[in-house]
Amino acid sequence: MGISLKGKCAIITGAANGVGLAIARRFLIAGANVVLSDMDEENLIKETNFLKETIEGNVLTFCGDLRKKLTINNLLAYTIDSFNSVDILINASRQVLTSHPLDPNNDAFEELIHQNVTVNLRLSQLVARRMISQSQDKEPGEIIGTIVNLSSIASRRTQSEILSYSVSSAALDQVTRSMAVALAKQGVRVNGVALGSVMSASLRDMMRENLDLKDLIVESTPLGKIGEANEAAEAVLFLASEASNFITGQVLTVDGGRSLLDRATSPAY
């Protein structure tokens with residue numbers, strides 16, 4: 001019998017494409033009510049309509065820039081107005097930028113810290129407070145909500161041109177661990193998934209620009225392949241479900257074994 005999220009409500013950010021969209025699809029199949037959020041309004045609406053046509057379930061869209069505090073509040077308010085509660089938050093929105101670490105005029109560092117860390121932290125804080133307030137009658141040890149943050153194996157690899165992305169990924173992993181401890185007694189679990197090379201729109205663009213990139217990634221991955229978005233989604237589903245109720249503060253690596261190898265010069269995308 002497969003994992004069920006029946007009766008649960010999930011917010012999924014970065015859901016217009018790639019891993020975020022794959023998570024949304026998998027959660028719908030598992031029976032969850034889902035609210036999909038992204039800045040890419042056109043693609044988000046198109047993909048949501050396709051989900052509605054192909055999978056039975058309740059799925060809604062919220063388009064907006066979560067870098068703005070008001071938008072974060074509006075996302076939660078929209079979710080509560082629609083489904084009365086929120087049980088799962090998936091922070092799947094990530095941005096990847098390359099830059100030279102010695103370039104003082106490059107704003108990539110500030111941008112990625114804000115997008116990949118601050119936004120996820122603010123949304124997690126707000127949603128966690130809602131999870132706690134809607135579960136005043138919880139029993140000792142009862143799990144009332146789960147949060148899953150998507151980061152990257154770049155957090156523990158050294159490649160100078162992705163310094164900003166690496167630091168933001170490492171910071172998000174620490175957010176995961178710190179919030180897990182802070183929220184444990186309230187019954188909210190917080191975990192992360194550190195992704196290796198998983199096929200996405202951004203990775204496809206990179207491979208178009210660098211025709212050797214695919215071969216480099218495959219050669220650097222023990223399982224000899226680029227991951228599929230649905231494979232990452234399965235890991236997120238496990239961490240969001242009751243199947244992982246005694247797991248919190250962990251960052252699960254989903255990279256085909258790539259981080260097991262000491263190849264600092266290999267691509268970390």
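These legends describe close-up views of a predicted model.

**View 1. An aromatic pair formed by F62 and Y78.** A search of the whole structure finds one aromatic pair. The two partners, F62 and Y78, sit with their ring centres 6.0 Å apart and their planes at 40°, so the pair is classed as tilted. That angle falls in the tilted class because stacked planes are under 30 degrees apart and edge-to-face planes over 60.

View 2. Are the two residues buried or exposed? F62 has a relative accessible area of 12% and is buried. Y78 has a relative accessibility of 28% and counts as partly exposed.

**View 3. Strand β3 beside strand β2.** Strand β2 (residues 33–38) and strand β3 run parallel and are joined by five bridges. What is the bridge partner of V35 in β3? The partner is L60. Together with helix α2 (residues 41–54), the strands β2 and β3 make a β-α-β unit, and this unit is right-handed.

**View 4. The largest pocket.** The space in this pocket is about 790 Å³. Its lining has 36 residues, and the closest to the pocket centre are N17, A92, S93, R94 and Q95. By class, the lining residues divide into 15 nonpolar, 15 polar and six charged.

**View 5. Helices and strands that line the largest pocket.** At least two lining residues come from each of α1 (18–29), β2, α4 (108–133), β5 (145–152) and α6 (201–209). Which element gives the most to the lining? Helix α6 does, with four residues.

**View 6. The second largest pocket.** About 200 Å³ of space lies in this pocket. Of the 14 residues in its lining, K8, I143, A240, E242 and N245 are the closest to the centre. The lining consists of five nonpolar, five polar and four charged residues. Among the residues closest to the centre, K8 and E242 count as charged because Lys and Glu belong to that class.

Note on methods:
Residues numbered from 1 in each chain as written. Predicted model: local features only at pLDDT ≥ 70, side-chain atom pairs only at ≥ 80, totals over all residues. Heavy atoms only, no water. Phe/Tyr/Trp six-rings, centres within 6.5 Å; stacked < 30°, edge-to-face > 60°. Buried < 20%, exposed > 50% of the residue type's maximum accessible area, 1.4 Å probe, protein only. Pairing = 2+ DSSP bridges. Right-handed = clockwise from strand over helix to strand, strands pointing away. 1 Å grid on protein atoms, 1.4 Å probe; cavity = no way out; pocket = protein on both sides within 12 Å on 5 of 7 lines; lining within 4 Å. Points joined across faces, edges and corners; volume = space filled by probe spheres on them.
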